[in-house]
Amino acid sequence: LYSLTTPLFKKATVTLGNHKTDIEANNPEKNRYIAAVYWNGKKIGLSIDYQQIIEGGTLRFELTSSPKQ
């Protein structure tokens with residue numbers, strides 16, 4: 001199980017074997033706080049397991065400039 005934190009880049013791709021995982025974030029240079037995380041369009045918590053990553057897909061971070069209150 002991997003804990004997720006704010007990405008440093010707008011987009012990155014991780015390739016493991018024949019599968020790739022795209023990581024996307026909206027303006028991480030200014031938005032430092034995670035509002036939500038989506039795995040293949042489904043909202044998830046702040047962790048993901050290895051099996052999901054190696055199967056490939058899209059991990060999308062919805063970021064905001066202020067922390068949740």
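Start with the hairpin: select β4 and β5, which form it with two residues between them. Strands here are DSSP runs of E with at least two residues, helices are runs of H or I with at least four residues, and both are numbered from the N terminus. N40 sits in the turn of this hairpin, with a positive phi of about 50 degrees. This is a predicted model, in which local features need pLDDT of at least 70 and side-chain atom pairs count only at pLDDT 80 or more, while totals for chains, interfaces and linings use all residues. Residues are numbered from 1 along each chain as its sequence is written, and side-chain values use heavy atoms, with hydrogens and water left out.

Stay on N40. Its loop is the one between β4 and β5. Most residues other than glycine have a negative phi. The relative accessible area of N40 is 48%, so N40 is partly exposed; buried means under 20%, exposed over 50%, and partly exposed in between, with a 1.4 Å probe and protein chains only.

Next, select β4, residues 33-39. Five of its seven residues are buried, so the strand is largely enclosed by the rest of the structure. Which strand is joined to β4 by six bridges? That strand is β7, and the two run antiparallel. Two strands count as paired if DSSP finds at least two bridges between them. Across this pairing, W39 stands opposite L59 in β7. Strand β5 (residues 42-44) is also antiparallel to β4, with three bridges joining the two. Here V37 has I44 of β5 as its bridge partner.

Move to N27, in the loop between β3 (19-25) and β4. N27 is not a glycine, yet its phi is positive, at about 50 degrees. N27 counts as partly exposed because its relative accessibility is 31%.

Now select T5, in the loop between β1 (2-3) and β2 (11-16). T5 has 58% relative accessibility and therefore counts as exposed. Which residues does T5 touch, leaving out those up to four places away in sequence? They are I34 and F61, where contact means heavy atoms within 4.5 Å.

Go on to S66, in the segment after β7 (57-64). S66 is partly exposed because its relative accessible area is 39%. From the C-alpha of S66 to that of V14 is 28 Å in space, and the two are 52 residues apart in sequence.

Finally, show the whole chain. The protein has one helix and seven strands, in the order β-β-β-β-β-β-α-β along the sequence. Its C-alpha atoms fill a box of roughly 40 × 20 × 20 Å along the principal axes. Buried residues make up 28% of the 69. Among contacts between residues at least 6 apart in sequence, 62% join residues at least 24 apart.
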